[in-house]
Amino acid sequence: MHNERPGTAEDERLAQNKARTANWQRWGTYLPERQWGTVREDYSYNGDVWNSFPFEMGQYRAYRWGEDGLLGWTDRQCRLCFSTVLWNGQDRTLKERLFGLGNPEGNHGEDVKEQFYYLDSLPTHSYCKGLYKYPQKAFPYDELRQENKRRGYDQPEYELLDTGIFDDNRYFDICIENAKSDVEDTLIRITAHNRGPEIASLILLPQLTVRNNWSWKNLEETGNTRPVITQSGPFRVRAEHKILGAYRFEPVEGNNLIPDRLLFTENDSNMHRLDPNYGGPDHFSKDGFDRYLVHGDESAVKEGGGTKCALLYQLKLEPGASETLYLRLVRIDGGTGEEASDEKPDLEPPAMDIAHAEEVFATRKAEADDFYARHIPQEATPEERNVSRQAFGGLLWCKQFYYFIAERWMSGDPTQIPPPPERMKKSEEWRHLFCRDVLSMPDKWEYPWFAAWDTAFHMIPMARVDPEFAKNQLLLLLREWYMHPNGQMPAYEFAFGDVNPPVHGWAVWHVYRLGVDENGVGDLDFLERAFQKLMLNFTWWVNRNDEHGHNLFGGGFLGLDNIGVFDRSVTLPNGVLLHQADGTAWMGLYCSVMLQIALELAHRRSKAYEDIASKFFEHYIAVIDAINSVGGTGLWNEEEGFYFDQLQPADGHSTAMKVRSIVGIAPLFAVCILKRDTVEGLIDFQRRTEWFLQNKKQLSEYVSTAKVANEEIDGSKWIAIAPHDRFQRILARVLDEAEFLSPHGIRALSRYHLENPFEVELQNQRFTVKYTPAEGDSGMFGGNSNWRGPVWFPMNMLLLNALERYSLVYGDDYKLEYPTGSGQQHSLVEIAEDIARRLVSLFLPDKEGHRPSHGGEERYATDLYWKDLILFSEYFDGDTGRGVGAAHQTGWTALAATLIEALYTRREIRNRAQ
């Protein structure tokens, strides 16, 4: 797959972007899908983000920290935003943004209630494509709210498809594509299809908005200069921003469609709606187009200019008919790069008509095909290629502008009411945080904020298509305006101080190895920069989460929400400690990764890294010894053959929390191979490790020597948390279809607990953990996440990654029964590949066209306009594979593309990457 063909046009653009000779990533699909209901827009006294800024308020209240819109387009600081607005003549409001339930409204937390799809994108966004399905009947806002409120935790969510709104195909397919003719010249193609049986009317409003940076007197470099959009022709506008530059927005010459009118308003809050007691003058506001079209208020819009404009098109489509509109957004001020030109007169951009625009789209689409032909295995089936293409597309669409300055958020803006004192407490320790970047989001609607440990997994598939973005994103979260001075990485905006699994180092090492050349050398500058900051984070982890210095770690919920018997983030009474098997295993993984990085830097950069490599070698073994032997057997339970969390009261008598979950599988993730050819040249490291092993006999048993046919590995020392017998016993459960092995990957909780719930009584309160394969059965951690049975891609990825490393040291002749009880013997590579196939099968149609992830929805199996569309959910039903949680989590579920590539990549190349 990695052949010698010349680079593609997109590769050349990426190279220019890296060299900063052409800023191909200045514009992209960076516009959030949801800005309302976020912490950064919450100005309430009690931090109730959902009720302080609900969906409806997004229509008439100006945003402080961003914008949002339907499948939108913006520059990388969200200064000038394009989005598509729709109205079917039936809805009570314009469709300006995606609707969904806030966390208190859903029976399983927040959830988008729309049908939209990220279909394609290049890394530079020189071509991208999205699809929105817009019902022709009145959108069932109230029905969705009422029915979801009525339902309990034991029932599935009530979705838009369940309402019957799409029956008889009474909807429009709105296809939105962007193609860059040049760095600062974007073409937009909007195609509206009437899929219904009757003539249907549609109002289409291509909309241009400048983000409100004048109401707050904020910290941006624009000073007191207010951006403005002014009319410069019959249906042409000029948008001017002091920093961004000047742009022309207009329909491309030769369109079949002619706009009825050019509308203007201001991107300001409607104070009359925001405050019933407001006694000030009437003014133009961001809801002006809605007031004008839906409510007939002629005074709501104006002529000539404003900070928000739209072209008004009124369509009437025959059954099965479509209309296509071409638009252009092009820079005209003569400036280059990030600098606007105040002195130069506007330049006339190159001519553009429909024929030329269609040629640009055809060229960019062909370039996208060529690019992905290089990054998706040619041997893959057409369905697998479709999965990969949409996974990469969603991953790239989920890059979003994220703006949050903690100190300004806490202290408030000069022109606004001072924030309540309670706000100071929420992020007091994170005053240094200054975010104004394009970041990779887990899901641009459900989670429109970065989550550090999610980002680590995002960057594995990202590194396949845009390695520079992947490396820069990993470095960014380690920079001093993100990382706390004490070394902690920010978790997410709801609680920056929460503790997530320390997988950032694993991602750094993985991304580095994915980029090595034929000599095995990667981007050492990236690796060294990351390593320096990771040492700070490692030290924070050791000091923060190992309370008694025994190398048994806590950490709290560690991103696994309800995996524990109780909320593992709470402080237990009477001095009781919780030793976490996964917390300790994560630190083992962290040690092993830091050891590998230090050895690589010592081998290829400077012998000075040998000392720190020795430190991580010894620390790694100390963690392994603790989890296996402290108090006799550590966190290992010999009777169950599994690692468990342990409660340790002040009297020292520990109690195992015997829940068979991913917590007890996590110790398998940490396996480190000290390749012979790397270590042999490091004399000081060799001497130190030899001394250590000779003088610490009780610890030397954790270090093994590989005896395999692979000459590169044979004779190399390797270290793993789980000794061989424990490794086998854990895997016997993991590979058992009655326990962890599902038809679609490894479950987060054993199915054993369906009939055998774990129960424990603590402080006169009874806690129960039962196998729950799909949605959660409680409101723990918001209720929209469940780790008690479903299949989660990140945990599966870590396990597969570990199995492939184990296969190197055990060799091809080492076989295990797979599935457990089947009598069939398979190598570890064969087992890993079969689990990968199970995971990929979530998105592949069976002979009737049903994809497990779509949960039996017939449209996705048989309807021409649905059957090729794929949703990449947050997690998946442990029995059926139905997608659950956030529906656009690409995000870490884009790892599906990584797995498809691995299944078709030669083993030696994959091993080099691992």
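Two strands pair if DSSP finds at least two bridges between them; helices (H or I, at least four residues) and strands (E, at least two) are DSSP runs, numbered from the N terminus. S11 and S12 form a hairpin with 2 residues between them.

This is a predicted model, in which local features need pLDDT of at least 70, side-chain atom pairs count only at pLDDT 80 or more, and totals for chains, interfaces and linings use all residues. Residues are numbered from 1 along each chain as its sequence is written, and side-chain values use heavy atoms, with hydrogens and water left out.

| Pair | Bridges | Residues facing each other |
|---|---|---|
| S7 (residues 127-135) and S8 (residues 171-182) | 9 bridges | Glycine 130 and isoleucine 176 |
| S11 (residues 228-233) and S12 (residues 236-241) | 5 bridges | Isoleucine 229 and alanine 239 |
| S11 and S15 | 2 bridges | Threonine 230 and glycine 305 |

Angles run from 0 to 180 degrees between N-to-C directions, and axes are lines fitted to C-alpha atoms, for helices over the stretch in contact; contact means heavy atoms within 4.5 Å.

**H7 and H10**

H7 also has a helix partner. Helix H7 (residues 382-397) packs against helix H10 (residues 452-465) at an angle of about 105°, and their axes are 10 Å apart. That makes H7 roughly perpendicular to H10, given that angles under 35 degrees count as roughly parallel, over 145 as roughly antiparallel, 65 to 115 as roughly perpendicular and the rest as oblique. On the H7 side, Phe392, Leu395 and Leu396 meet His458, Pro461, Met462, Arg464 and Val465 of H10. By class, the contact residues are 6 nonpolar, 1 polar and 1 charged. Here Ala, Val, Leu, Ile, Met, Phe, Trp, Tyr, Cys and Pro count as nonpolar, Asp, Glu, Lys and Arg as charged, and the others, Gly among them, as polar.

**The sheet of 3 strands**

Another open sheet has 3 strands in the order S25-S27-S26, again with antiparallel pairing. Strand S25 (671-674) and strand S26 (703-705) are the edge strands, each with a single partner strand, so one side of each lacks a neighbour in the sheet. Neighbouring strands are turned by 25° against each other on average, direction ignored. S26 is joined to strand S27 (residues 717-720) by 3 bridges, in the antiparallel sense; threonine 705 stands opposite lysine 717 in S27. Helix H14 (residues 581-604) packs on this sheet and touches S25 and S27, its direction making about 20° with that of S25. H22 lies across S25 and S27 as well, running at about 45° to S25.

**H22**

Helix H22 (residues 793-810) has 18 residues and reaches 25 Å from its first C-alpha to its last, close to the expected 26 Å; the expected span is 1.5 Å times one less than the number of residues. Of the 18 residues of H22, 18 are buried, so H22 is largely enclosed by the rest of the structure. Buried means under 20% relative accessible area, exposed over 50%, and partly exposed in between (1.4 Å probe, protein chains only). After H22 comes glycine 811, with a positive phi near 90°.
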